[in-house]
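Subject: Structure for your review

Dear colleague,

Please find the structure below, followed by a summary of what was found in it.

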Amino acid sequence: MHPMAIEQNFRMRAGRLQSWGTGLLIAASLFWIYAAWQVFTPYESTYNKVNCPAPFTSERRDLYVDDSNSWVHEDALRCASDRDWPEPLAALVMSVPLSATGSALLTAGTVSVRLRAHDREMHEAQN
């Protein structure tokens with residue numbers, strides 16, 4: 001096999017590793033964006049159509065205090081129970097192996113190309 005063909009084949013495999021790593025990191029980022037959206041955005045309760053604050057900004061005491069200035073106690077309880085927490089938690093759990101694998105693949109592809117370039121420069125310097 002011609003040395004140039006070997007080099008092209010090597011670079012193609014390294015580029016494929018980088019592409020897969022980038023794709024997995026993008027997928028992990030989408031899971032993180034979904035989880036953040038679930039935590040930082042207000043939503044509407046499906047039971048009684050109450051506008052609920054974002055879980056990040058609501059205080060735990062709002063569930064138990066019934067002031068005339070805040071929502072009704074039962075509405076607050078419905079808002080707290082209406083947010084489906086397993087979905088954002090599952091998204092975060094799924095993002096961990098994706099980001100670890102994506103980082104490893106991207107790093108392996110990048111390091112392979114850099115080491116190959118370094119090896120070529122060292123070989124040229126010796127000749």
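Y34 is partly exposed, with a relative accessible area of 27%; buried means under 20% relative accessible area, exposed over 50% and partly exposed in between, with a 1.4 Å probe and protein chains only. W37 also counts as partly exposed, at 49% relative accessibility. Because Y34 and W37 are three residues apart in helix α1, about one helical turn separates them. An α-helix has 3.6 residues a turn, so residues three or four places apart point the same way. The structure holds one aromatic pair. Y34 and W37 form this pair, which is tilted, with 6.1 Å from centre to centre and 40 degrees between the planes.

**Basis of the description**

This is a predicted model, in which local features need pLDDT of at least 70 and side-chain atom pairs count only at pLDDT 80 or more, while totals for chains, interfaces and linings use all residues. Residues are numbered from 1 along each chain as its sequence is written, and side-chain values use heavy atoms, with hydrogens and water left out.

**The chain as a whole**

The protein chain contains three helices and two strands, arranged along the sequence as α-β-β-α-α. Helices (H or I, at least four residues) and strands (E, at least two) are DSSP runs, numbered from the N terminus. Of its 127 residues, 20% count as buried. The chain exposes about 9,100 Å², of which carbon and sulfur atoms supply 63%; accessible areas come from the Shrake-Rupley method with a 1.4 Å probe, and for residues only the protein chains shown count as cover. Among contacts with a separation of 6 or more, 69% are accounted for by residues 24 or more positions apart, a contact being heavy atoms within 4.5 Å.

**Helices α1 and α3**

The 38 residues of α1 should span 56 Å at 1.5 Å a residue, and its end C-alpha atoms are 55 Å apart, which agrees. The expected span is 1.5 Å times one less than the number of residues in the helix. Helix α3 (residues 86-126) has 41 residues and reaches 60 Å from its first C-alpha to its last, close to the 60 Å expected.

The buried residues of α1 are E7, F10, A14, G21, L24, A28, A35 and Q38, and what covers them includes α3. In α3, the buried residues are P88, A91, S95, G102, G109 and A117, and their cover includes α1.

Which residues does E7 touch, not counting residues up to four places away in sequence? They are R116 and R120. E7 is found in helix α1 and is buried, with a relative accessible area of 17%.

A90 lies in helix α3 and counts as partly exposed, at 35% relative accessibility. The C-alpha atoms of A90 and A35 are separated by 8.8 Å, although these residues are 55 residues apart along the chain.

**A nonpolar surface patch**

L30 has its place in helix α1 (residues 3-40) and is exposed, with a relative accessible area of 54%. Together with I26 and I33, L30 forms a nonpolar patch on the surface, with about 310 Å² of accessible area in total. Patches are made of residues with over 30% relative accessible area and no salt bridge; like charges are joined within 9 Å and nonpolar side chains (Val, Leu, Ile, Met, Phe, Trp, Tyr) within 5 Å. A salt bridge is a side-chain nitrogen of Lys or Arg within 4 Å of a carboxyl oxygen of Asp or Glu.

Yours sincerely

Note on methods: Rings of Phe, Tyr and Trp (its six-membered ring) pair if their centres lie within 6.5 Å; planes under 30 degrees apart count as stacked, over 60 as edge-to-face and the rest as tilted.
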